[in-house]
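Me: I've got a model open and I'd like to talk through a few spots in it. Can you take my questions one at a time?

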Amino acid sequence: MDICKSAKCTGCGACVDACPKSCISFRYDENGFYRSYVDEDRCIQCRRCVKVCPANHPYKTHRIQQAYKARRQDKQAAVNSSSGGIASVLSEYIVKNGGVVAGCGFDDTLCLKHTLASTLDELEPFKGSKYLQSNTVGIYRQVREQLQADKTVLFIGTPCQVSALQTYLGKTYDKLYSVDFVCHGVSSRCIFDKYLAFTDPTTAPLSVSFRNKTRGYRNKKACFEMQVVYPDRTVRNSTESGLYYWFASSLSVRESCYRCPFVSFERASDITLADYIGDDLDDTDNEVGVNTLFVNSAKGKALAEAVRQEIVLEPKPVEDTAKRFNRLMYPSSMPTCRKEFFDRLQTDDYPTLEATFDAQKILPGKMVRRWQAMKRRLRKLFVG
């Protein structure tokens with residue numbers, strides 16, 4: 001049974017939690033993207049999986065109402081988080097008030113998973129950007145159980161994951177808050193694994209940071225640095241990796257991202273976050289990072305107001321601010337060499353892929369010039 005058309009599958013995993021017979025498995029396909037596989041012998045044709053699939057039934061009920069330039073007051077805490085650290089502030093507020101947060105982080109095997117956190121320590125893995133898709137199996141069911149137990153829950157995920165949660169629940173809950181982000185897509189796990197094998201084929205990393213800000217935010221330039229830490233405390237940094245320009249060009253994202261139904265001013269979430277886009281960054285913004293915060297619902301507004309003392313908020317014009325984000329208006333475009341890239345991904349090692357699919361080949365001329373300029377700035381910051 002096909003849950004949805006293969007090209008539309010977002011890999012959200014809601015169908016797995018929805019199946020009453022547990023006959024749907026969730027694993028990577030040959031290109032390194034999560035997919036669901038139905039055991040036809042055990043399937044009872046209840047079609048619950050079809051009903052909860054956000055590719056079949058996109059859930060979008062809120063239109064962006066307000067926009068802000070935002071960052072948390074605590075500078076060091078902001079440095080340890082993505083952008084301006086707003087997601088961390090919201091998460092900490094929920095936990096401190098007896099609620100739970102559903103977010104994603106790497107486990108000890110570097111598998112990216114959605115889990116529940118009820119303490120501040122358990123929130124730590126949720127910090128930082130991850131350009132991969134998380135394994136959500138079990139999280140929708142756990143969120144429902146928490147809500148039925150009258151717990152306040154904050155769910156943080158991609159737009160399709162937030163939509164999947166809403167379709168899975170099938171009803172609204174006053175104590176459920178949701179946060180998504182302006183999403184560029186999710187990248188292949190195969191590429192990530194090949195990169196790690198290239199950096200050290202014999203030792204599993206202790207941790208990975210996709211956007212390391214220890215050297216500052218620097219108007220979003222210096223944090224485009226992958227940092228891999230190994231058990232012997234060896235640190236490997238990369239600022240020119242194909243991981244970034246493949247992602248920036250949308251070459252490495254899953255097929256459904258090119259026709260994403262959630263690219264819209266209409267959101268499933270209460271709050272949408274993004275890196276801030278604008279020319280009015282001050283020294284502190286450049287040092288620690290800054291968010292754009294979109295409020296999409298009355299609950300989102302109430303949550304933002306609840307943490308008002310912890311953050312710096314500057315109102316911005318809604319339409320003008322939203323239009324600065326391409327991924328709120330149209331989805332990623334598929335590069336012409338995508339099929340060739342994923343065909344080669346099956347056989348080539350990471351250095352070969354990087355040499356074959358360099359920025360000159362896959363990025364438009366204007367983006368190539370920007371990429372090269374960014375690399376020059378990074379070399380000057382990190383070496384000079």
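Me: Where does Thr136 lie, and which backbone oxygen does the side chain of Thr136 reach?
Reply: This is a predicted model, so to speak of local features we need pLDDT of at least 70, side-chain atom pairs count only at pLDDT 80 or more, and totals for chains, interfaces and linings use all residues. Residues are numbered from 1 along each chain as its sequence is written, and side-chain values use heavy atoms, with hydrogens and water left out. Thr136 lies in the loop between α5 and α6, where helices are DSSP runs of H or I with at least four residues, strands are E runs of at least two, and both are numbered from the N terminus. Its side chain makes a polar contact (N or O atoms within 3.5 Å, one able to donate a hydrogen and the other to accept it; residues adjacent in sequence count only if both atoms are side-chain atoms), at 2.4 Å, with the backbone oxygen of Cys12.

Me: Is Thr136 buried or exposed, and with what relative accessible area?
Reply: The scale runs from buried (under 20% relative accessible area) through partly exposed to exposed (over 50%), using a 1.4 Å probe and protein chains only. Beyond its neighbours within four places in sequence, Thr136 is in contact (heavy atoms within 4.5 Å) with Cys12, Gly13, Asp17, Phe26, His114 and Gln161. Thr136 is buried, at 0%.

Me: Why do the buried residues of α6 sit on the same side, and what arc do they cover?
Reply: The buried residues in α6 (residues 139–148) are Ile139, Tyr140, Val143 and Leu147. They pack against several elements, including α1 (14–18), β5 (100–106) and α7 (159–169). Going by the directions from the helix axis to the C-beta atoms, they are on the same side of α6 because their arc is only 100°.

Me: Which residue that follows α6 has a positive phi?
Reply: Most residues other than glycine have a negative phi. Arg47, in the loop between β2 (34–38) and α2 (48–52), has a positive phi near 65°. After α6, the residue with a positive phi, near 70°, is Asp150.

Me: What separates the C-alpha atoms of Val162 and Asp180?
Reply: Val162 is in helix α7 and is buried, with a relative accessible area of 0%. Val162 touches Ser178, Val179 and Asp180, among others. Val162 and Asp180 are 18 residues apart along the chain, and their C-alpha atoms are separated by 6.8 Å.
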